[in-house]
Amino acid sequence: MEENKEILNEEQNVQEKKEVKENKKINKHKDKHQEELIKLQELLGQEKEKSMRIQAEMMNFKRRKEEEVDQFKKYANEDILKQLIAVCDNFERALGMETKENEEFLKGFKMMYTNILNILNNNGVVEIEALNAPFDPNIHQAVLTEVKEGVEPGIVIDVLQKGYMYKDRVLRATMVKVSE
């Protein structure tokens, strides 16, 4: 009987050793899998961060492009309006040469000139008021200076060529003579 107990104990010991070895193998595999899992989680975190950065960049790119398109649309007519202003300048010169002989002829010019001014106004073009205003280099272009009694320095005393604003931009600066 005691021999049987010893054999049983020995078998139990062998069995326990096998289980310990088996548990060690399992733990090794668990450790390897745990390390791989941690590495994969770190990699996943990095990829998520990279994806969020790319998504933010794309949103910023889209916003910038929309702003560029809006700006383009807002000022799309700028070139043609500049050309119409040059036409207005020519009409003003022609109308300034009115005499009794060409008075009837210039009536048609006046109508065309008025129509072009209306087109400009309807498109957001307004004349820059400059005469007797303080000189502003953002909207005026000083081409002459003159000392004039009774006028403070830096005041526009003559407009040589009209200037125009288109929405919030200077379409053409006003050429002026400024007091010294």
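In the predicted model, glutamate 47 and lysine 50 are both part of helix α1, where three residues, about one turn of the helix, separate them. Their side chains form a salt bridge with an N to O distance of 3.6 Å. Glutamate 47 has a relative accessible area of 38% and is therefore partly exposed, given that this class lies between 20% and 50%. Lysine 50, with a relative accessible area of 40%, is likewise classed as partly exposed.

A further pair in helix α1 is made up of glutamate 49 and arginine 53, which are four residues apart, again about one turn of the helix. The salt bridge between these two side chains has an N to O distance of 3.3 Å. Glutamate 49 is partly exposed, at a relative accessible area of 48%. Arginine 53 also counts as partly exposed, with 48% relative accessibility.

Lysine 110 has a relative accessible area of 36% and is partly exposed. For glutamate 98 the relative accessibility is 34%, which means that this residue, too, counts as partly exposed. A network of salt bridges links Glu92, Glu127 and Lys162. In total, the count of salt bridges comes to twelve.

Helix α1, which covers residues 2-74, also contains phenylalanine 61. This phenylalanine is a member of a nonpolar surface patch, together with Ile54 and Met58. The accessible area of the three residues together is about 300 Å². Phenylalanine 61 itself counts as partly exposed because its relative accessibility is 40%, between the limits of 20% and 50%.

The largest nonpolar core consists of 14 residues. The members that touch the most other members are Leu81, Ile85, Leu120, Val125, Tyr166 and Leu171. Two or more residues of this core come from each of α2 (78-95), α3 (103-122) and β4 (164-166). The greatest contribution is that of α2, which supplies five residues. When neighbours within four places in sequence are left aside, valine 125 is in contact with Leu81, Ile85, Leu120, Tyr164, Met165, Tyr166 and Leu171.

Strand β6 spans residues 174-179 and is mostly covered, with five of its six residues buried. Pairing of β6 with strand β2 (residues 140-146) is parallel and involves six bridges. Strand β3 (residues 156-161), by contrast, runs antiparallel to β6 and is joined to β6 by four bridges.

Conventions: Residues numbered from 1 in each chain as written. Predicted model: local features only at pLDDT ≥ 70, side-chain atom pairs only at ≥ 80, totals over all residues. Heavy atoms only, no water. Patch = residues over 30% accessible without salt bridge, like charges linked within 9 Å, V, L, I, M, F, W, Y side chains within 5 Å. Areas by Shrake-Rupley, 256 points an atom, 1.4 Å probe, with all protein chains shown as cover. Salt bridge = Lys/Arg side-chain N within 4 Å of Asp/Glu carboxyl O. Buried < 20%, exposed > 50% of the residue type's maximum accessible area, 1.4 Å probe, protein only. Pairing = 2+ DSSP bridges. Core = buried A, V, L, I, M, F, W, Y, C linked by side-chain atoms within 4.5 Å. Contact = heavy atoms within 4.5 Å.
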